[in-house]
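Q: I'm new to this one, could you walk me through it while I have it open?

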Amino acid sequence: MSCNLTEKVSLLVDGELSPVETRAIERHLLTCIECQQARADFLNLRQQISAYTPALNTQVQQRALASVLAKQGRAATRASAQAATPEAGRRPARIFGVPAMPFAIGMLITAAVALIVTSFVFYIVFQQAERDRQQATNTQANSSREQTATVNQPPNTNNDNSKANTFGASDEAANGKQSVDQSQQQRARGPVNSESENRQTFAANARRVRSKRPASSGTALARNAGINAPLDLHVPELLPPHEASAPRYITINATAPVAAPVRPVDAGTLAARHVEQAGLLLRAFRNARTVEQDAAADLSYEKRRARQLLYQNIVLRREAANEGNVQLASLLDSLEPILIDIANLPDQPHADDVRAIRERIGRKNLVALLEVNSTALARAYE
Amino acid sequence: MASEDAEFTMLFQEFYPSLCRFLECLLGGRASVAQDLAQESFLQLHRTVWGTIPVGEARFWLYRVARNLALNEFRRGETRHRLFDRVVEALRPRTQTPEEEYETQERQELVLSMLKGLPEDQRTALLLREQEQLSYREIAEVLDVSESKVKTDIFRARTALRERWAQRVRAIGASVR
């Protein structure tokens, strides 16, 4: 072999080259006969090696599974029996060098701990989602240039009845600074959604400011929370005329807060796990050997699992559609009818029905799609 | 516990055939030994780390253990009776015509014989890539080696197999003439 790029061809067929290197090698392949032959040979070898089928059948596989589970059960029984004997005190049973505890108690404790941890994790996740939602709303309120504030004014104020006050970037004053600090704290606490709340927070401060400072003009809108600025009493009419006589309250007209979505990491992790499990199910369904009389025994587990995954699929599909995750929604949409059909197979499915479902799985290339997406989702949300 | 057993069963149904295939190719076709070792790998998984690692990690763990068991088997030498392998072979499911079956068997024997000529680390890396479609990073994780070693092993394995395949094709062509 005289071409020194053959190793790159090997990486190319495995998809281990960067996009730049891939393009370079593909250009090279257009002119290098040797590398073209190498690629063809590598792909032929792949086909030969991957086509190898082991000497296995359903009965052997089921016996192997039963044997593994039985041996593990016997080991667990032995461990618990040893713990109960008088000799246990002298020499505690050890498994792989670790003192063994009664298997059942250990499993119960593990299950209880798992339940507590899971509940705690869900609690943390929901709390964080709530905080994120509020933070998103705050961010929008603070960054919007259209925040306005009005001050609750007593009816006998001459110049300001029809005016709304805004927080402006004008001269500092001690009282104004105090009122703005308080308003900043209010904004930091969250969006001001309730008019009565605004009233309580700002009305007294506004009155104090008005009594001490001359009104100044200005149309400056609220900046971010870091500006120490007094209330600007002379602002242009920001309210429609018909509202001029209505009491004015401190409001921050931020753009409507968008409901913070579930943290992408959490939804992504759930989706990755679901896609992985669905991929495992379809592969098991595809690979299950259906001898006529064993069809029911072979597929009852797959049916049960399909039913479980179906509900999850529906929820995740809807969520993906709401979030605009077209790729995931499309994948789950393709998967759903397959899960439905597997779940609805009769207790004694006909081989033709099973074959039809498998063909659909094959036509849609679902197993490969699920595998690729499972890996991609898991890596994205690591 | 029932759900853990159910998940383990699903993992078993999914990966037991793949593990058997990997071990058969690694061991040069000793199907009964391959099945025993595959069974042992799952048993060790269930006993030790099952429930403590993600399902995706369990797959890599299985291949790591299976490969180590195969290495032990190499060191022990061929202690299994060939007769038992023939019994297992007799139980291989028959879905083809006799002619197709003969052809498949010939092809599989050829693959096994060519793989047998490779060093163990090259053979393992190539099988994990071609049969299990693991990435180089994943293969490196399973074998506990660097990615560059995986890259080199796979390329060398392919290069060697290319040569042998070409020689075999030439030999067949010569014998036909």
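A: Let's begin with one side chain, bearing in mind that this is a predicted model. A:Arg133 is partly exposed, its relative accessible area being 28%.

Q: What does the side chain of A:Arg133 meet in a salt bridge?
A: The partner is A:Glu130, and the N to O distance between the two side chains is 2.6 Å. Both residues belong to helix α6 of chain A, where they sit 3 residues apart, about one turn of the helix.

Q: And is A:Glu130 buried, partly exposed or exposed?
A: A:Glu130 is partly exposed, with a relative accessible area of 37%.

Q: What does A:Arg355 form a salt bridge with?
A: A:Arg355 pairs with A:Asp352, and the closest N and O atoms of that salt bridge are 2.6 Å apart. The two residues are 3 residues apart in helix α12 of chain A, which covers residues 351-364, so about one helical turn separates them. A:Arg355 is partly exposed at a relative accessible area of 44%, and A:Asp352 is partly exposed as well, at 40%.

Q: OK, chain B now. Which side chain does B:Lys149 meet in a salt bridge?
A: That would be B:Asp153, with 2.9 Å from N to O. The pair lies in helix α8 of chain B (residues 147-176), and being 4 residues apart there, B:Lys149 and B:Asp153 are separated by about one helical turn.

Q: How accessible is B:Lys149, and is B:Asp153 buried or exposed?
A: B:Lys149 counts as partly exposed, at 30% relative accessibility, whereas B:Asp153 has a relative accessible area of 6% and is buried.

Q: Which residues do salt bridges that share partners join into one network?
A: The network consists of A:Asp14, A:Arg46, B:Arg129, B:Glu130 and B:Arg158. Within it, the side chains of A:Asp14 and B:Arg158 meet in a salt bridge with an N to O distance of 2.7 Å.

Q: How many salt bridges are there between chain A and chain B?
A: There are 6 salt bridges between chain A and chain B, while the count over all chains comes to 19. Between chain A and chain B there are also 19 residue pairs in polar contact, counting pairs in which both residues have pLDDT 80 or more.

Q: Which elements give two or more residues to the side of chain A that touches chain B?
A: Those elements of chain A are α1 (6-13), α3 (33-50), α4 (58-84), α6 (103-143), α9 (264-287) and α10. The largest share comes from α4(A), which gives 11 residues to that side. By class, the side of chain A that touches chain B has 25 nonpolar, 14 polar and 12 charged residues.

Q: How many residues are in contact there, and what area is buried between the chains?
A: In chain A, 51 residues are in contact with 57 residues of chain B. The area buried between the two chains is about 5,300 Å², and carbon and sulfur atoms give 60% of that area. Of the area that chain A buries against chain B, A:Ile49, A:Tyr52 and A:Ala55 supply 15%, more than any other three residues.

Q: Switching topic, what is chain B made of?
A: Chain B has 8 helices and 0 strands, so its pattern along the sequence reads α-α-α-α-α-α-α-α. Buried residues make up 52% of its 177 residues. Among contacts in chain B between residues at least 6 apart in sequence, 66% join residues at least 24 apart.

Q: What about the loops, say where B:Gln133 is found?
A: B:Gln133 is in the loop between α6 (120-130) and α7 (136-143) of chain B. Its phi is near 55 degrees, a positive value in a residue other than glycine, and B:Gln133 is partly exposed with a relative accessible area of 45%. Another case is B:Asp144, which lies in the loop between α7 and α8 of chain B and has a phi near 60 degrees, again positive in a residue other than glycine. B:Asp144 is exposed, with a relative accessible area of 69%.

Q: Last one: what does A:Glu302 touch?
A: Not counting residues up to four places away in sequence, A:Glu302 touches A:Leu281, A:Ala284, A:Phe285 and A:Ile342. A:Glu302 lies in helix α10 of chain A, residues 295-323. This residue is buried yet has no salt bridge, and the nearest side chain of opposite charge, A:Arg358, is 7.8 Å away.

Note on methods: Residues are numbered from 1 along each chain as its sequence is written. Chains are lettered from A and ligands numbered from 1 in the order in which they are written. This is a predicted model: local features need pLDDT of at least 70, side-chain atom pairs count only at pLDDT 80 or more; totals for chains, interfaces and linings use all residues. Side-chain values use heavy atoms; hydrogens and water are left out. Buried means under 20% relative accessible area, exposed over 50%, partly exposed in between (1.4 Å probe, protein chains only). Lys and Arg count as positive and Asp and Glu as negative; His and the chain ends are not counted. A salt bridge is a side-chain nitrogen of Lys or Arg within 4 Å of a carboxyl oxygen of Asp or Glu. Contact means heavy atoms within 4.5 Å. Buried area is the accessible area (1.4 Å probe) that two parts lose on being put together, summed over both. A polar contact is a pair of N or O atoms within 3.5 Å; within protein, one must be able to donate a hydrogen and the other to accept it, and residues adjacent in sequence count only if both atoms are side-chain atoms. Ala, Val, Leu, Ile, Met, Phe, Trp, Tyr, Cys and Pro count as nonpolar, Asp, Glu, Lys and Arg as charged, and the others, Gly among them, as polar.
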